[in-house]
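Keep the sequence and the 3D view open as you read.

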Amino acid sequence: MDAAINALPYLMQGLVTTLYIFGVAIIIGFIIGLIVALMRLTHIKPLQWIAKIYVNIIRGTPLLVQIFFIYFGLNSLSFISLDREVAGIITIAINAGAYLSENIRAGIQSIDKGQTEASRSLGFSGGQTMRFIILPQALRRMLPTFTNQAIITLKDTSLLSVIGIADLTQRGEVQASATFESFAIWTTVGIIYFIIIYILTLLSNFVERRYKLR
Amino acid sequence: MSIVQVKNLKKHYGQTEVLKDISVEISEKEVVCVIGPSGSGKSTFLRCLNRLEEITSGTILVNGHEMTDNNSDINKFRQEVGMVFQQFNLFPHKTVLQNITLAPIKLKGKSKTEADALGMALLEKVGLKEKANSYPSQLSGGQQQRVAIARALAMEPKIMLFDEPTSALDPEMVGDVLQVMKDLATEGMTMVIVTHEMGFARDVCDRVIFMDGGYIVEEGDPKVLFTNPKHERTRSFLSKVLQS
Ligand SMILES: Nc1ncnc2c1ncn2[C@@H]1O[C@H](COP(=O)(O)OP(=O)(O)OP(=O)(O)O)[C@@H](O)[C@H]1O
Ligand SMILES: [Mg+2]
């Protein structure tokens, strides 16, 4: 118990890193997801293909391999040098972006065709229709799935400990081997993750209630 | 002055020809009702007028614009053509007032104050001023349809298209919507109305177009067409719908 309490400040620094990487990665991932979803829905074939290939590659390979590929693989090329944090954020963002793009696409496609027709008949262009009419409804509708993905992504960041990013998990390992109090340390780390995810869920429920489609 | 000029309009869906050589002119301030059996192409015809459907061949002139010209700005042309749908299609994430003001603000550059004033005036006209801050899902079907009419009017269109505006409504809601349309007709709005409301067609329209199988079979003054149709197909259609 003492070991856990003593380790707490050190672990909290790890939590800050975890939250920082998660925050930046999920925002970038969301932007990627939005762009890729729109690429899938254009009538321009090459854009559709690129989007499809990207999603399939991410879905068809383990995240750990993606992390190794970007941090070790890309870094082994002479003209690329990424530090751990950047490589970590990129990997997590690209990974989340692929899954989010599928959710966003499904959300967009779930909006009734009549909405587009009403908007176009008023004189809105296709782009304006997407921006003012379709996306606001689609994003509201996909909020629960978005929360789901955010929780998965937050947990995925723990894998970044393998490339030496000093996140919550990596700091847990350091403490566990330094103190020989594995049980107490990993219990503490687990509780911290649990609380953060619980807060995330509450936050999302709040936003969902607030922006519910009436 | 004709505000709509349709010449030799044809429309295919794949192999099936849905509109077969339609030519028609509509004058300013004219109220035209389109009637005909299900599947005869009434909606398709109406939707070609603002290019919600791409046509196969022919020309469509609305307000002097060639609607099918790929080099011109269809979005600008559409601003002058209001459309009201059977299923209302209000924007569920916007309030009633926002539904009406969105297009004037974004497309005509109106200030919010200006657009709100216009929106409230239109809501007053359709008798729904007190619903300005409600959401569409909080309204009855008839109320939603009247908001949809107000939304279309907010762009100050030169012509209004209606596709069976009362077909999705409970019977007791139909009257209010028809009344709003009647008022519009009296004010001199040009209207093309696809409808199954034969009473309305007879009383309000200047001209009735009867469509069947992708053709305009017969058209004319409703009083004449309803009492003394020239074509056998018109007669049999009317005897069916007027009975029920
Ligand atoms: N997207 C489409 N693809 C293929 N065929 C279609 C499509 N839309 C309509 N049609 C066909 O075109 C014909 C005319 O349809 P339209 O909706 O214009 O008829 P309508 O006169 O409005 O009928 P209703 O009174 O039932 O609304 C029908 O036979 C219909 O099956
Ligand atoms: Mg129809």
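## Chain A as a whole

In chain A, 44% of the 214 residues count as buried, where buried means under 20% relative accessible area, exposed means over 50% and partly exposed is in between (1.4 Å probe, protein chains only). Please keep in mind that this is a predicted model, in which local features need pLDDT of at least 70, side-chain atom pairs count only at pLDDT 80 or more, and totals for chains, interfaces and linings use all residues. Residues are numbered from 1 along each chain as its sequence is written, chains are lettered from A and ligands numbered from 1 in the order in which they are written, and side-chain values use heavy atoms, with hydrogens and water left out.

The secondary structure of chain A amounts to 9 helices and 0 strands; helices (H or I, at least four residues) and strands (E, at least two) are DSSP runs numbered from the N terminus. Along the sequence, the pattern reads α-α-α-α-α-α-α-α-α.

Among contacts in chain A with a separation of 6 or more, 75% come from residues 24 or more positions apart; contact means heavy atoms within 4.5 Å. The accessible surface of this chain is about 11100 Å², and carbon and sulfur atoms hold 68% of that. Accessible areas come from the Shrake-Rupley method with a 1.4 Å probe, and for residues only the protein chains shown count as cover.

## Helix H8 of chain A

Helix H8 of chain A covers residues 168-179, and its 12 residues should span 16 Å at 1.5 Å a residue; the end C-alpha atoms are 16 Å apart, which agrees. The expected span is 1.5 Å times one less than the number of residues.

Several residues of H8(A) are buried, including Leu168(A), Arg171(A) and Ala176(A). The buried residues of this helix pack against helix H1 (2-41) and helix H9 (182-210) of chain A. Just after H8(A), look for Phe180(A), which takes a positive phi of about 60°.

## Around ligand 1

Now turn to chain B. The shell around ligand 1 includes Tyr13(B), Lys42(B), Glu164(B) and His196(B); a residue is near if one of its heavy atoms lies within 4 Å. Helix H1 (residues 42-49) of chain B gives the most to this shell, with 3 residues.

Oxygen atoms of ligand 1 lie 2.8 Å from a polar backbone atom of Gly39(B), 3.2 Å from one of Ser40(B), and 2.5 Å from an N or O atom in the side chain of Thr44(B). The protein covers 56% of the 640 Å² of accessible area that ligand 1 has on its own.

Leu97(B) sits in helix H3 (residues 96-108) of chain B and counts as buried because its relative accessibility is 12%. Leaving out residues up to four places away in sequence, Leu97(B) touches Asp116(B), Gly119(B), Met120(B), Leu123(B) and Ala132(B). Leu97(B) and Lys129(B) are 32 residues apart in sequence, with 9.1 Å from C-alpha to C-alpha.

Lys110(B) belongs to the loop between H3 and helix H4 (112-125) of chain B. With 18% relative accessibility, Lys110(B) also counts as buried. Beyond its neighbours within four places in sequence, its contacts are Pro104(B), Ile105(B), Ala115(B), Leu118(B) and Glu156(B).

Key:
Polar contact = N/O pair within 3.5 Å; in protein donor to acceptor, adjacent residues only side chain to side chain.
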